[in-house]
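Hi,

Here is the structure I promised to pass on.

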Amino acid sequence: MLPFLDRPTSGTGLPELQRRGGLVVIVLGCAFFLLLGRLCQLQIVRGDRYYRRSTDNFVKREPLRAVRGLVKDRSGVVLADNRPAYDVLVTPRHFTPAARERLARLLALAPSEQDELDARLARARDPARRGHDLGRSVVGIPDVDRDRMALVRQAGAELPGVEVRDVSRRTYPYATLAAHALGYLNRVNARDLEQHAGEGYDDEDFIGRSGVERQWESYLRGKKGHEVYVVDARGRRKSDEAAESLLGGERSVAPSPGHDVVLTLDVELQRLAERAMRKHPAGAVAIVDVTNGKVLALVSKPGFEPNIMTGGLSRVEEEALESDPYKPFVDRALQLTYFPGSTYKVVTALAGLASGAVDMDDEILCRGWHELGRHTFRCGKAHGKVQLAEALTQSCNIYFWEVAVRVGMDRIGETARDLGFGAPTGLGLNGDAAGRVPWRAAYEKAGFRIGHTLNTSIGQGDTEVTVLQLALAYAAIANGGQLWVPQFIERIETADGRIVSEPRPELRRRIAATDAALAELRRGMWGVVNDPRGTAFGVRVDGTTLAGKTGTAQVRKLQAQPDASWHPHRDHAWFAGWAPADEPRVAIVVLVEHGGKGGHVAAPIAAEIATGAAELGAIGGGGGVVAVGVDPTAEGPLAVDDGPVAVDDEPVREDGDDDLAAADDGAADAGAADAGAADAGAAGAVAAPDEGAADAGPLSDGGTP
Amino acid sequence: MIGLDRHLRRHFDWMLTGLVLLVAVIGLVNLYSATRHVPQHGLFSTQVVWMVIGAGIFGATALIDYRNWTRVAWILLLLGIVAVAGVHFIGISVKGSRRWLGLGGLRVQPSEFMKLAVILAIARLVHERDALSLFSRVSRVVAIFGAVLLIAWQPDLGTATLVGLIVATVALVAARRLWPVLVGGGVLAAGAPLLWWYVLHDYQKLRILTFLDPASDPSGAGWHSRQSIFAVGSGRLFGKRWLHGTQNQLNFLPEQWTDFPFSVWAEEWGFAGASLLVLAYAALVFWIVHIARQARDRFGATLCVGVAAMLFWHVFVNIAMVTGLAPVVGITLPLVSYGRSSLVTFCIALGLVASVSLRRFAR
């Protein structure tokens, strides 16, 4: 054994320790005091805060999304439904790069899907994001099919931070049918969240983007609930009793489903109308119940596939849709305004009758042309002496020009207003444009010319209407003068059928026209289809009675109509009318955008719809018929002249948005260049200022095949 | 050793044994809770078995006259150096750290026992310092520092730092003159930046950086530290009750049975329990210092100072780490952390202290 050098006395083994003992004790005491102080700081001073933080660790509040309300047609056919779907969720904290690779391999993700997944992850990891929490799951791959769902569920623990959630997704069983009216949904974006702050949207919600989905979003979306549960550090859900007790009495709240919206739309009629439009790439149809203003069908072509829109488009698809020259997202029945052409002649007629400037029996001689200063305005043909009803039947321009000269532009404007033009219809869907009714005052600055009035009288110049406005005006003529506020909602009910709201038809006003005047108009328009001289006589179908007015609205002066089925400069083809002819039930307006002649192109569509509707029973018999007297034999048949009429060269303004002021500037220029032909030149120049006075020629509707 | 009976009864250190027992019981109670919901099975029963074995080792070490260890001190240090070097070449890796040697089915962590070897060696150096030439003294100091560097090179920076702290503490307490210690320490401190470039691994640098700026990596290295602070703080005054600590039971604490048992304890027993454990450790350390002052020879006194330093630094670094005062390093909490090597090392160390205490009046 080693010699113990400093033995033997006890307690003097290490003199340095005795010397420095006090210091050692002080240092040790300080160290332990530091630890105790730190514990005191964490557990007592900041204890409550850390307690909350640790609770936030394991208590998860997951929103429970409400099932969206259905959209149904008037008889309960579901037009917008929900289907079960699966979202693959990822939790950024646990979703390792290895797990991402495994997931991509397992599901054979396409590069675009991988890019999207990475983008979503990057967004979730962005610390600037609202409610940033790496432990919260976000949608990684939305809406996977059942096979992929099963693959992910089977993989289980091999894919940390990945789970599948059952969700419900919007589906439109009739696909493109009534796409504009129904609209579509997609995920909310940052702007929506800002706009709808406080309404409970989160960044995984869907929101109605257009149509009914947008307009009645607040009814359809329902009320979110939330689920409270316990998770462990790896995000795995714990549901044993101990875990439940950790929630401390906090309970999950069930969501309440959205209300169902029942439309006045008739799915059969809608389908019929869309089918009737099959040959034409662009146009619109509105069908309105004349007895109450309920909208039975609204077609806008081209349509879109709301199922694809709702699923979320790739950027390429989105760009393709946005650059589509047909602009498929514009609702042509409600949002766009068009020159009404000859369908507007009823307004001029009513203005004339109401003012007393013309009587129903007054005859006006049509020699086929009308001279105004140095210029000649042409009619389709020489109609001879015509009365009001015949003028409508044959769409005689001369007659209405004469009436227009007698009553003046503002009188026509007043009548137009009375019929609902120039103001939104009140449907409140997809923009519901006001259109435009021209007033004399607007032209005064640049110099008013009588040509402006002539243009207005036949629905050209600066007159613009929507398809639905025209349908409501014709409904008012057909039903004896009641202008309805259009109604699109039959009722709103809860998911279990309790009625929440059931709007009544709302009369906007009784129009100023007398019953006799309206009856005379109806007689004239009965002839359009049913009189051999009528502009749409060629399309009549035995057994179906249709009445109405054709129109060919000039978009631009053309030497020859282009051959292509759709051309941005070709005339718009119109038919506005009602069926059945003598017991009006529905007003039907057909617009074929750049389709050509109203009588040739639009009227057959209206006839097909009327025939189909009669077969469906939608317009045959039953109550609510407005009895109006139409006596087809009041006038003897005249010589049949069904031949197409050459359309005069005539400048008409472009189908654009240039306003009156701009047109007026053009008119002033043109007037200066064409001194001596002031009126006619100005009339032309108003229509096409860019083309100059040299092109200014007589106006003509020309829609008189 | 016969005839020790009377001695045993008269001089047996009940205070030391009682404090050790208190800490060990707290450790077991806590470990039961900490290992209840972890995937590894049998951690608790293994620890119980080794606690019993450890008690035997404690008793046996206490009975052996500590002076016998002076003869083998340098041999043990040499063995330790060989073992640590062996780990570097043929060691077993667990979770990326190569710290274990396979020893007939058992896994042993030589760097743990190295602490004891270093303490014994430094105790012998202090003990015989008067009989040694300057050259001998310097060469022995170099040997001890070599052992520390070897552990760092293994690499086990946590243990190397700890052994370095033990050596420094013992030197500060036991050196006859302080200036050589302070000058040496100053030189080493000046060389510390070299560690950053030549010794530290990237994950170690990350831990230190994260400690200095926890927000820089809230989901990675900083996550453990934050979750540990949440656990400790959320215990508040009286805790969430045994087996009801959510941070623990739902596994928000990493490796809660080895590196973070104190967080578990503080979460479930609150400030009351946590300060009790801290005070128990403090009492133990002070008591060992007390024994050192009573030791009848320099070897025994230095031995006790070394063990007290080892105990203190383990406790201090571990608790500072779990309360966010120090970066996350793998330093165990004595008698509370799960781990055979650590447990046996502390049983031997405390046994040595008991042995010193038992023989403080012996002739």
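Let me start with a strand pair in chain A: E11 (residues 283–289) is joined to E12(A) by six bridges, and the two run antiparallel. Strands here are DSSP runs of E with at least two residues, helices are runs of H or I with at least four, and both are numbered from the N terminus. Two strands count as paired if DSSP finds at least two bridges between them. As one example, A:Gly283 has A:Lys301 in E12(A) as its bridge partner. Helix H11 (residues 267–276) of chain A packs on the sheet and touches E11 and E12 of chain A (contact means heavy atoms within 4.5 Å). The direction of H11 makes about 30 degrees with that of E12(A); axes are lines fitted to C-alpha atoms, for helices over the stretch in contact, with angles from 0 to 180 degrees between N-to-C directions.

Before going on, some housekeeping: this is a predicted model, where local features need pLDDT of at least 70 and side-chain atom pairs count only at pLDDT 80 or more, while totals for chains, interfaces and linings use all residues. Residues are numbered from 1 along each chain as its sequence is written, chains are lettered from A and ligands numbered from 1 in the order in which they are written, and side-chain values use heavy atoms, leaving out hydrogens and water.

Back to that sheet: it is open, with five antiparallel strands of chain A in the order E12-E11-E23-E22-E21. E12 (295–301) and E21 (547–553) of chain A are at the edges with a single partner strand each, so one side of each has no neighbour in the sheet.

Now the interface. Chain B puts 71 residues in contact with 50 residues of chain A. The buried area is about 5,100 Å², 71% of it from carbon and sulfur atoms (accessible area, 1.4 Å probe, that two parts lose on being put together, summed over both). B:Arg236, B:Leu250 and B:Arg293 supply 14% of the area that chain B buries against chain A, more than any other three residues.

There are two salt bridges between chain B and chain A (a side-chain nitrogen of Lys or Arg within 4 Å of a carboxyl oxygen of Asp or Glu). B:Arg236 forms one with A:Asp48, with the closest N and O atoms 2.9 Å apart.

Finally, the whole structure has 44 salt bridges over all chains. One of them joins the side chains of A:Lys72 and A:Glu493 at 3.5 Å, N to O. A:Lys72 is in strand E2 (residues 71–72) and A:Glu493 in strand E18 (residues 489–493) of chain A, so the pair ties together parts 421 residues apart in sequence.

Cheers
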